[in-house]
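Hello,

Here is the structure I promised to pass on. Please take a look, then read the notes below.

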Amino acid sequence: MKKRPELMILIAVIAALVVSLLCSAISCSMVMNAVNHPAQQAENFDEWINDHINGGDNGGNEGDSQNGGDSQPGNGGYTDQDVPASMEIEVDELSDDLQAVINSDITRKLGLSDTDKVTVSNLTKETVATPELKNGYVLSQVSGKVTITNMLGNDETVDYTSYYYADNPRASKITWYIYAYDLSSYKVLPNGFEEIAGDPMNVRGIIQGDASLLGDLLGASEGDTQHT
């Protein structure tokens with residue numbers, strides 16, 4: 001069969017167009033996942049981020065809040081009637097969540113290796129805020145003390161505040177996901193950590209009600225196809 005150059009060129013152009021459309025769709029999906037699923041209480045926070053940004057589903061405690069259905073409006077679309085009277089979460093979960101987001105910031109934002117990760121222990125749950133509706137999210141926070149131990153074995157007991165949102169406050173058992181945190185001291189953490197800490201997925205301001213930050217997040221995501 002005689003090859004036709006014009007046919008080969010046409011096929012190449014069509015293939016390039018298909019690849020371009022697929023890349024655009026994937027990029028859009030990544031942005032929406034980053035906005036709608038900002039954080040997850042998971043033992044391996046880095047793995048959860050990578051999976052969910054790429055459309056996976058390898059998170060932590062799903063409970064019955066991920067079943068979907070017409071009754072679930074999605075994050076950011078709740079009303080005052082959806083706000084529970086209290087936030088129920090165990091100390092072990094709080095400890096795992098805080099350790100996960102701190103170590104995520106150490107490896108993802110600060111760019112250090114797994115050997116630089118810290119251990120969180122002796123966490124106390126002293127103050128649990130009453131859940132509130134803000135920017136369409138049902139939010140709460142927990143404060144107390146926690147001991148942080150670094151790779152050298154140096155430790156410090158600090159005050160912490162962990163910020164949470166309810167994945168589906170209408171569920172019979174509500175699953176709370178951490179999205180931000182504050183620490184009173186960073187002495188045992190790596191140099192430069194304090195400057196980048198506290199907002200592992202860069203959505204803290206959006207969730208807490210500053211919608212003006214949404215444009216900045218989308219702009220950054222469009223320029224970074226590996227928004228992780």
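A residue counts as buried when its relative accessible area is under 20%. Phe193 has 0% relative accessibility, so Phe193 is buried. Keep in mind that this is a predicted model.

Aromatic rings

Phe193 has a partner. Its ring centre lies 6.1 Å from that of Tyr186, and the planes meet at 45°, so this pair is tilted. Tyr186 comes in at 19% relative accessibility, so Tyr186 is buried.

How many aromatic pairs does the structure hold? There are five. Another of them joins Tyr163 and Tyr179. The centres of these two rings are 6.4 Å apart, with 50° between the planes, and the pair is tilted. Tyr163 sits in strand S5 (residues 155-166) and Tyr179 in strand S6 (residues 176-183). The two are 16 residues apart, and the pair links distant parts of the chain. Both Tyr163 and Tyr179 are buried. These two tyrosines also belong to one aromatic cluster, together with Tyr137, Tyr165 and Tyr177.

Helix H3

Helix H3 covers residues 91-109, 19 residues in total. From first C-alpha to last, H3 reaches 26 Å. That is close to the 27 Å expected at 1.5 Å a residue. Which residues of H3 are buried? They are Leu94, Ser95, Asp97, Leu98, Ala100, Val101, Ile102, Asn103, Ser104, Asp105, Ile106 and Thr107. Just after H3 comes Gly111, with a positive phi of about 80°.

Most residues other than glycine have a negative phi. Two asparagines are worth a look here. Asn122 has a phi near 55°, a positive value. Asn122 is in the loop between strand S1 (119-121) and strand S2 (127-128). Is Asn122 buried or exposed? Its relative accessibility is 61%, so Asn122 counts as exposed; the cut-off for exposed is over 50%.

Asn135 also has a positive phi, near 55°. Asn135 lies in the loop between strand S3 (132-134) and strand S4 (137-149). At 37% relative accessibility, Asn135 counts as partly exposed, because that class falls between the buried and exposed cut-offs.

If you open the model, start with the tilted pair of Tyr186 and Phe193. Then go to the cluster that includes Tyr163 and Tyr179. Finish with the loops that hold Asn122 and Asn135.

Best wishes

Conventions: Residues are numbered from 1 along each chain as its sequence is written. This is a predicted model: local features need pLDDT of at least 70, side-chain atom pairs count only at pLDDT 80 or more; totals for chains, interfaces and linings use all residues. Side-chain values use heavy atoms; hydrogens and water are left out. Rings of Phe, Tyr and Trp (its six-membered ring) pair if their centres lie within 6.5 Å; planes under 30 degrees apart count as stacked, over 60 as edge-to-face and the rest as tilted. Helices (H or I, at least four residues) and strands (E, at least two) are DSSP runs, numbered from the N terminus. Buried means under 20% relative accessible area, exposed over 50%, partly exposed in between (1.4 Å probe, protein chains only). The expected span of a helix is 1.5 Å times one less than its number of residues.
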